[in-house]
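Please open the model in a viewer and keep the sequence panel at hand.

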Amino acid sequence: QLTPSSLLRIGQLSNVDLNEDIHELETELPRQRPNEIPHNEKLLSLKYESLDYDNSENQLFLEEERRINHAAFRTVEIKRWVICAMIGILTGLVACFIDIVVENLAGLKYRVVKDNIDKFTAKGGLSFSLLLWATLNASVVMVGSVIVAFIEPVAAGSGIPQIKCYLNGVKIPHVVRLKTLVIKVCGVILSVVGGLAVGKEGPMIHSGSVIAAGISQGRSTSLKRDFKIFEYFRRDTEKRDFVSAGAAAGVSAAFGAPVGGVLFSLEEGASFWNQFLTWRIFFASMISTFTLNSVLSVYHGSVWDLSSPGLINFGRFDNEKMGYTIQEIPIFIFMGVVGGILGALFNALNYWLTMFRIRYIHRPCLQVVEAMLVAAVTATVGFVMIYCSRDCQPIQGSSVAYPLQLFCADGEYNSMATAFFNTPEKSVVNLFHDPPGSYNPMTLGMFTLMYFFLACWTYGLTVSAGVFIPSLLIGAAWGRLFGISLSYLTKGSIWADPGKYALMGAAAQLGGIVRMTLSLTVIMMEATGNVTYGFPIMLVLMTAKIVGDYFVEGLYDMHIQLQSVPFLHWEAPVTSHSLTAREVMSAPVTCLRRIERVGTVVDILSDTSSNHNGFPVVESNPDTTQVAGLRGLILRSQLIVLLKHKVFVERANLNLVQRRLKLKDFRDAYPRFPPIQSIHVSQDERECMIDLSEFMNPSPYTVPQEASLPRVFKLFRALGLRHLVVVDNRNEVVGMVTRKDLARYRLGKEGLEELSLAQT
């Protein structure tokens, strides 16, 4: 039911663009874009490649490793620590930059609008103020959306699903480029200043990962600069470990929670982990928090007082007021249930919305228009809510940044305005800490309702934005409402302090949307600076996860699935023991002989119908009686480097004139290997022979064709493989298992289901 032309275009929107080389070929075709793209979540996209997390142990690699002595390994280890320190420092600085710019720009915007409202309240004509506010928002968001939609679509959203896929072993184009980082940082500043219902915390994780990937390679492919340092780390295995450190540093800069950062990287991000890594990642997180802290302290003018560890600071919860008693635990669990149900509702709505966006809003100009519409609507809703609210509070003793008087008496301010007329981070802190009686229940109820739908509509727009803060804000609002109603019911007894319930509500709502348990507990504990709440927060988050998972999966997993990424979970589907490797594998396999004609290699690589990336190498005896057993495995990228350097011999028996290639030649070509079309091979060269024995991996992992799917899955997933060769009992190649073959099988509502593969 999918026509080829519409298939070509599915890839446009799912936030991830096709590789550049495919683009060059595509422009020759007339671009027809259908109005509707038939998209279906039961698809698995073939446009994603895997990363080579498994080192190719060919002769070159082994020779280099044998040459390295103990002292050289010491320096490599020291370099790793240096890189981690640099990741921490740079992530902290980027976070400072975002924070300071947002604070100044948002402050400027709110001052302008506030003066305007104060002027027009006196003499009538408030519609001008509304127009001003909506126009400011829409124009700022327009810039933020244009740079994302037209320059780097991968920078859209929070970037956590993309980093999760990268760490799982899926190569998402452009995800860790310098360009992505620049667009991400600018985009996040613009979308927060534009007053959207977003936070700047989620994108910090993506920014940290890009910084880590860039530093660990010691060069920038975007700037065409090579600094000739850290060349040992130019391979996917090493890069992955640094990217998980970057993600952790991002979390710890965002929330001031270094331990939470390490646990986040472990729980949500990294699919591979070892003990040495933990310690290095913790180091990077600590450095990142410390950098942010010291720079912001200097900026706020108190040099020696390190008081702002993260971008969001929930403030101190002191124990005297805020202890909890044993009879409140059932109440907290009930709040967890509410959070799980609301989170599942949020995800379900966002799911349908994203499906709609994938089908209809796939042109960049439409995406920009939608973002501007959301910005204008957000401002209008905020204005109308403030205008209709009659909830006035006395100004003295309150810490409101921009008190709006509107129709309140002198010396009073409108309390709805503290929620809408502020950056979301400040609103969360106000909901946690304002004294009891600062908010009218009606105000909180209306705010929760409106903000819930606004945040749901905003997530998935083509702007860089996180979902952490809006979820905390929704949860804090209904949690505070819950606390107020409890103190009404118990006739104002002391234990119903609304701030405490606001905290629990925030945890429940966030847990219900993103379904993190361990790391979120620790992040909330570190951000509030209070260990006493560890147990209730954990209970709330566990309940929210259990309840939410009953209805629909977490937001990030849902978006990974909507983009048809071949993501491998920890375990194979439970009912898959009946399948064997023979049924799962791709066959027939394109094999190369150990000494092969150059022409044959070029033809195999240029064949677009079979876009393979790994080729089993078999014995090249012309004698047919002997079995063509498996001898090794060679990758497309290695073959391309061999052809580029013209490593051939004239005839099969002259093997002396080969130019020795070093591992350095392969590392210099990483990560963007040239496409085969750019390599010119003359007619004479096609007749030469190429000897693959010292470049192939002589010991690839293999499985017999009778192995069951869970066994194949475990081997593939735990070792981070890209190709797993299936052999019969005579060691002949019968098939190949790749990521797509395993990710195809998923547990659905009716048991095991098999997804279909789409070309886009």
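**Before selecting**

This is a predicted model, in which local features need pLDDT of at least 70 and side-chain atom pairs count only at pLDDT 80 or more, while totals for chains, interfaces and linings use all residues. Residues are numbered from 1 along each chain as its sequence is written, and side-chain values use heavy atoms, with hydrogens and water left out.

**The whole chain**

Display the protein chain as a cartoon: it contains 29 helices and 18 strands. Helices (H or I, at least four residues) and strands (E, at least two) are DSSP runs, numbered from the N terminus. Of the 760 residues, 58% count as buried; buried means under 20% relative accessible area, exposed over 50%, and partly exposed in between, with a 1.4 Å probe and protein chains only. Contact means heavy atoms within 4.5 Å. Among contacts with a separation of 6 or more, 78% are accounted for by residues 24 or more positions apart.

**The nonpolar cores**

Select F314, I386, F420, F421, F432 and F468, the residues with the most contacts inside the largest nonpolar core, which has 139 residues. A nonpolar core is a set of buried Ala, Val, Leu, Ile, Met, Phe, Trp, Tyr and Cys residues joined through side-chain atoms within 4.5 Å. Helix α4 (residues 70–123) supplies the largest share of this core, 15 residues. In soluble globular proteins, nonpolar side chains tend to be buried together.

Which residues are in contact with F421, leaving aside its neighbours within four places in sequence? They are Y110, V113, K114, W133, I386, Y402 and L404.

A second, separate core has 30 residues, including V601, L639, I640 and F648.

**Helices α5 and α14**

Select 127–151 and 364–388, which are helices α5 and α14; they pack at an angle of about 150°, with their axes 8 Å apart. Axes are lines fitted to C-alpha atoms, for helices over the stretch in contact, and angles run from 0 to 180 degrees between N-to-C directions. The two helices are therefore roughly antiparallel to each other. Angles under 35 degrees count as roughly parallel, over 145 as roughly antiparallel, 65 to 115 as roughly perpendicular and the rest as oblique. α5 passes α14 in a right-handed crossing; a crossing is left-handed if the near helix is turned anticlockwise from the far one by less than a right angle, and right-handed if clockwise.

Within helix α5, pick S129. Is S129 buried or exposed? S129 has 0% relative accessibility and counts as buried. Beyond neighbours within four places in sequence, S129 is in contact with N116, I117, F120 and F383.

**Helices α8 and α9**

Next select 202–217 (α8) and 236–255 (α9), whose axes come within 7 Å and cross at roughly 140°. That angle makes α8 oblique to α9, and the crossing is right-handed.

Move to the open sheet of three strands, ordered β13-β14-β15 with mixed pairing. β13 (702–704) and β15 (733–737) stand at the edges with a single partner strand each, so one side of each is left without a neighbour in the sheet. From one strand to the next, the twist averages 30°. Two strands pair if DSSP finds at least two bridges between them. Strand β14 (residues 724–727) pairs with β15 in the antiparallel sense over four bridges, and V727 stands opposite V733 in β15. Helix α28 (residues 709–719) packs on the sheet and touches β13, β14 and β15, its direction making about 145° with that of β14.

**A hairpin**

Select 745–748 and 751–754: these are strands β16 and β17, which run antiparallel and are joined by four bridges. The two strands form a hairpin with two residues between them. G748 has G751 in β17 as its bridge partner.

**Two residues with positive phi**

Finally, select H174 in the loop between β3 (170–171) and α7 (178–193). Its phi is near 65°, a positive value in a residue other than glycine, and at 15% relative accessibility H174 counts as buried. N731, in the loop between β14 and β15, also is not a glycine and has a positive phi of about 65°. At 32% relative accessibility, N731 counts as partly exposed.
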